[in-house]
Amino acid sequence: MSTFPHRHLLGTEPLSAEDLTVILDLGERFLEIAERPIKKVPTLRGKTVINLFLEPSTRTRTSFEIAAKRLSADTINISAASSSV
């Protein structure tokens, strides 16, 4: 499998067909993890993920938080409504 050459994914415009294939292949690997009894992997252990939400969305916030926790990251959620953004 090819490696993903981008540090951040902020949009799909700069992605090549190969980049998209890497993302989809990785999704298949995470499906295997999601089917385990313990759904955590140590990928981000010791790292902190900060989620900044400018519009309220419980589903989006929760999805991002669960994803970070499954990667063993600590999470901090910041919302525009409760911040001086």
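This is a predicted model: local features need pLDDT of at least 70, side-chain atom pairs count only at pLDDT 80 or more; totals for chains, interfaces and linings use all residues.
User: Let's start with the strands. In which sense do β1 and β2 pair?
Analyst: Strand β1, residues 48-53, and strand β2, residues 74-79, pair in the parallel sense. The pairing runs over 6 bridges.

User: What stands opposite Phe-53?
Analyst: Ser-79 in β2 stands opposite Phe-53. Phe-53 itself lies in strand β1.

User: Switching to aromatics. How many aromatic pairs are there?
Analyst: The structure holds 1 aromatic pair. Phe-53 and Phe-64 form this pair, with 6.0 Å centre to centre and 80° between the planes.

User: Why is that edge-to-face rather than stacked?
Analyst: The planes of Phe-53 and Phe-64 are at 80°, and an angle over 60 degrees counts as edge-to-face, so the pair gets that label.

User: Which elements does the pair link?
Analyst: Phe-53 is in strand β1 and Phe-64 is in helix α2, 11 residues apart, and the pair links distant parts of the chain.

User: OK, charges. How many salt bridges in the whole structure?
Analyst: A search of the whole structure finds 2 salt bridges. In one of them, the side chains of Glu-65 and Arg-61 meet at 3.5 Å, N to O. In another, Glu-65 meets Lys-69 at 3.2 Å, N to O.

User: Do they form separate pairs or one network?
Analyst: One network: salt bridges that share partners join Arg-61, Glu-65 and Lys-69.

User: Where do these residues sit, and how are they spaced?
Analyst: Glu-65 and Arg-61 both lie in helix α2, 4 residues apart, about one turn of the helix. Glu-65 and Lys-69 are also 4 residues apart in helix α2, so about one helical turn separates them.

User: What about their accessibility?
Analyst: Glu-65 is buried, with a relative accessible area of 19%. Arg-61 is partly exposed at 30%, and Lys-69 is partly exposed at 40%.

User: Glu-65 at 19%, why does that count as buried?
Analyst: Buried means under 20% relative accessible area, so Glu-65 at 19% falls in that class.

User: Now Asp-19. Which helix is it in, and how far away is the nearest side chain of opposite charge?
Analyst: Asp-19 is in helix α1, residues 17-34. The nearest side chain of opposite charge is Arg-29, 14 Å away. Asp-19 is buried yet has no salt bridge.

User: What does the Asp-19 side chain reach, then?
Analyst: The side chain of Asp-19 reaches the backbone nitrogen of Ser-16 at 3.1 Å.

User: Last one, Asn-51. Where is it, and is it buried or exposed?
Analyst: Asn-51 is in strand β1. Asn-51 is buried, with a relative accessible area of 6%.

User: Which side chain does Asn-51 contact?
Analyst: The side chain of Asn-77, through a polar contact of 2.9 Å.

Notes: Residues are numbered from 1 along each chain as its sequence is written. Side-chain values use heavy atoms; hydrogens and water are left out. Two strands pair if DSSP finds at least two bridges between them. Helices (H or I, at least four residues) and strands (E, at least two) are DSSP runs, numbered from the N terminus. Rings of Phe, Tyr and Trp (its six-membered ring) pair if their centres lie within 6.5 Å; planes under 30 degrees apart count as stacked, over 60 as edge-to-face and the rest as tilted. Buried means under 20% relative accessible area, exposed over 50%, partly exposed in between (1.4 Å probe, protein chains only). Lys and Arg count as positive and Asp and Glu as negative; His and the chain ends are not counted. A salt bridge is a side-chain nitrogen of Lys or Arg within 4 Å of a carboxyl oxygen of Asp or Glu. A polar contact is a pair of N or O atoms within 3.5 Å; within protein, one must be able to donate a hydrogen and the other to accept it, and residues adjacent in sequence count only if both atoms are side-chain atoms.
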